[in-house]
Amino acid sequence: MKIVKSVREMQNLSSQIRLERKSIGFVPTMGFLHDGHISLVKESKLKSDFTVVSIFVNPAQFAPTEDLEKYPRDFDRDENLLITENVDVLFYPDIEEIYPINYNTFVEVENITSILEGESRPTHFRGVTTIVAMLFNIVKPDIAVFGQKDAQQATVIKKMVYDLKYDLEIVISPIVREKNGLAMSSRNVFLSNQERKDALVLSQSLKLAEKLIHNGERDFSKIEKEMNNIINSAVTSTLDYIKAVNLENFIPVEIFETGKSYFILIACKIGTTRLIDNLLIKIT
Ligand code: AMP
């Protein structure tokens, strides 16, 4: 596996690969890799000839009050995991390479970014779309793989790709969970033993929602109440939001309609760690 740190070198390498008529699959990450990230890598390997993974903890998507400084990092471990997966290139730029002094350009998707995660983290998506747009210009992928774990992020990026006419395909990969249901996240490392137990309320409440819908419930306010009870049963939990939304535009819905698909989304603090999880559900 080749490690590339320079933007120019990555661009030249990608141009070369495209000249060879090989397709490039791309997986952007912030590192501290887990099986969720690895599932995206496997998807990229399946769907393309040449896989590039990036590791860059992007300051632009963290608010000053958030956990940029303490975001977990372990480059050697990440490198070994990616070698095991036969990744072709690890793009690992320094911060100055991406945001030199006097960096002035930002990419912003409107509307969908002002609700849910965007409401709780007002500058977050601007940071995400800026780095992803830049990485697309550096890596020049044919496909880019994102996780359903960050469902709103994936939808925002799809919208950016559509609006800005990027010539590439966005692939969304399902959520990878621990055996007990906890959605894998780099931030899970912050959880104490008690908090790890409490964090299960996120996936448990989504499971309950799935069951209630399966049993015929179509009124989300009733489902939300039951989900709330589960979330509140954990001593260390502080709910941010529970919402059901349309897949395409993330507009909240109250009554589920037959034949349509929805995301049910949760954001919740466990202790001081903010976690998100979601369920993609088709009403049959
Ligand atoms: P991050 O390193 O947290 O920025 O995540 C990089 C990519 O991995 C994003 O597309 C995430 O949605 C995806 N991802 C994170 N956790 C999971 C998971 N548990 N299952 C699937 N994909 C994930």
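Me: In what order do the strands of the open sheet of three strands stand?
Reply: This is a predicted model, where local features need pLDDT of at least 70 and side-chain atom pairs count only at pLDDT 80 or more, while totals for chains, interfaces and linings use all residues. Residues are numbered from 1 along each chain as its sequence is written, and side-chain values use heavy atoms, without hydrogens and water. Pairing here is antiparallel (two strands pair if DSSP finds at least two bridges between them). The order is β7-β8-β9.

Me: Why is one side of β7 and of β9 left without a neighbour in the sheet?
Reply: Strands are DSSP runs of E with at least two residues, and helices are runs of H or I with at least four, numbered from the N terminus. β7 (237–246) and β9 (273–282) stand at the edges of the sheet.

Me: Over how many bridges do β8 and β9 pair?
Reply: Strand β8 covers residues 261–270 and pairs with β9 in the antiparallel sense. The pairing of β8 and β9 runs over 10 bridges.

Me: Now the open sheet of six strands: which are its edge strands?
Reply: Its order is β1-β4-β3-β2-β5-β6, with parallel pairing. Inside it, five bridges join β5 to β6, and A144 has I170 in β6 as its bridge partner. Pairing on one side only, the edge strands are β1 (2–4) and β6 (169–173).

Me: Which element gives the most residues to the shell around the ligand?
Reply: The ligand has 16 residues around it, with H37, G147, D150, V176 and M184 coming nearest (a residue counts if one of its heavy atoms lies within 4 Å). At least two shell residues come from each of β2 (24–29), α2 (35–47) and β5 (143–147). With three residues, the biggest giver is α2.

Me: How much of the ligand's exposed area does the protein bury?
Reply: Look at the polar contacts (pairs of N or O atoms within 3.5 Å): a ligand oxygen lies 2.9 Å from a backbone N or O atom of G147, and a ligand oxygen is 2.7 Å from a side-chain N or O atom of D150. A ligand nitrogen lies 2.9 Å from a backbone N or O atom of M184. Taken alone, the ligand exposes 490 Å² (Shrake-Rupley method, 1.4 Å probe), and the protein buries 92%.

Terms used
A polar contact is a pair of N or O atoms within 3.5 Å; within protein, one must be able to donate a hydrogen and the other to accept it, and residues adjacent in sequence count only if both atoms are side-chain atoms.
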